[in-house]
Amino acid sequence: PFDVLVIGGGPAGATAAIYAARKGIRTGIVADRFGGQILDTLGIENFISVKYTEGPKLAASIEEHVKQYDVDIMIQRAKRLEKKDLIEVELENGAVLKSKTVILSTGARWRNLGVPGEEEFKNKGVAYCPHCDGPLFEGKHVAVIGGGNSGVEAAIDLAGIAKHVTVLEFAPELKADAVLQDRLYSLPNVTVIKNAQTKEITGTDKVNGITYIDRETGEEHHIELQGVFVQIGLVPNTEWLEGTVERNRIGEIIVDKRGATNVEGVFAAGDCTDSAYKQIIISMGSGATAALSAFDYLIRH
Ligand code: FAD
């Protein structure tokens, strides 16, 4: 069996694997893709000591760093965890791995809107990553759904590329930080619509508009546009842990300050946990914490 089995190959999982391997214990890492969300990130300017880098570049150097150590890398999806004598993790290919400790670092993914047209027009006008797909909408009219920090950041970003940006916020007020809102309202080619419930994304072979309901009046409106960026938050990749590891209301794994979960020997780190902030250096820090806690657990059991 493994001493430490890490599930997830983003910044949190990679850091946990390196910290574990450096203790000279048997370490494995299971990830369905190495790198995690940073593969979808363009510019990174807050990875301290590196003034500027790009996601794929950082992901490649993280992978290279992990490969410096004796870590078993398995490109697979985990689908079930069970605590017996050892902890068992079943993979999608049917294999069952056994380990004394497990570190969960499965990260998060974009939240879907769940309206007609969203699935149908994914990559045909419906997008989630402004840094990745923004340039495809140069000179076009796009909507951003969601007025939180990520939505407003996306709108500011897109306003520099697109002809016009319409922000649709469900609530009566934007939730983004005041500085971001000030910046947004200073832009000439942005319209903000509050109390807007998105009803449908319309199109033929690609997006041609969006229909929303004004929640105050109940009236339905249609806007003609070519792109919709959905920015309504992240969902932790933790569904597969249902019934085994304790999670909060929004599915984040509940951890203590050592990264321990409610299941003995199971630790968690990064965006899949209930940590206050979701960032690269924060997930790396929590990955290190989880690995050191797993090591501490091993020497006591
Ligand atoms: P993730 O990066 O999500 O990695 C999760 C890993 O788990 C992946 O390898 C995934 O394939 C794997 N996985 C998931 N489920 C399973 C499963 N069942 N079985 C096996 N493997 C699984 N942060 C910054 O600090 N600065 C930035 O500039 C910045 N920009 C961002 C821009 C974008 C567009 C996005 C999306 C995020 C950005 N972030 C930024 C946030 C940062 O990317 C995340 O906080 C960080 O990647 C979280 O790391 P993680 O390891 O916890 O999770």
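**View 1. Arg77 and its contacts.** Leaving aside residues up to four places away in sequence, Arg77 touches Asp32, Leu91 and Glu92; two residues are in contact if their C-beta atoms, placed from the backbone, lie within 7 Å. This is a predicted model, in which local features need pLDDT of at least 70 and side-chain atom pairs count only at pLDDT 80 or more, while totals for chains, interfaces and linings use all residues. Numbering starts from 1 along each chain as its sequence is written. You will find Arg77 in the loop between strand S5 (71-75) and strand S6 (78-83). Helices (H or I, at least four residues) and strands (E, at least two) are DSSP runs, numbered from the N terminus.

**View 2. The exposure of Arg77.** Is Arg77 buried or partly exposed? Arg77 counts as partly exposed because it has 16 C-beta neighbours inside 10 Å. A residue is buried if 20 or more other C-beta atoms lie within 10 Å of its own, exposed if 12 or fewer, and partly exposed in between, with C-beta atoms placed from the backbone. Across the protein, 42% of the 301 residues count as buried. For a distance to check on screen, the C-alpha atoms of Arg77 and Trp110 are separated by 18 Å, and these residues are 33 apart along the chain.

**View 3. The shell around the ligand.** Of the 36 residues around the ligand, those that come nearest are Gly8, Gly10, Gly36, Gly107 and Gly270; a residue is near a molecule if its C-beta atom, placed from the backbone, lies within 6 Å of it. Helix H1 (11-21), strand S2 (27-31) and helix H6 (280-300) are the elements that give two or more residues to this shell. By residue class, the shell holds 14 nonpolar, 16 polar and 6 charged residues. Here Ala, Val, Leu, Ile, Met, Phe, Trp, Tyr, Cys and Pro count as nonpolar, Asp, Glu, Lys and Arg as charged, and the others, Gly among them, as polar.

**View 4. The two domains.** Domain 1 covers 2-109 + 234-300 and domain 2 covers 126-230, with bounds that come from an automatic or database domain assignment. Between the C-alpha centres of domain 1 and domain 2 there are 33 Å. The C-alpha trace of the protein spans about 60 × 40 × 35 Å along its principal axes.

**View 5. Confidence in the model.** The average pLDDT of the protein is 96, and 100% of the residues score at least 70; pLDDT is the predictor's confidence in each residue, from 0 to 100. The model has an ipTM of 0.99 and a pTM of 0.84.
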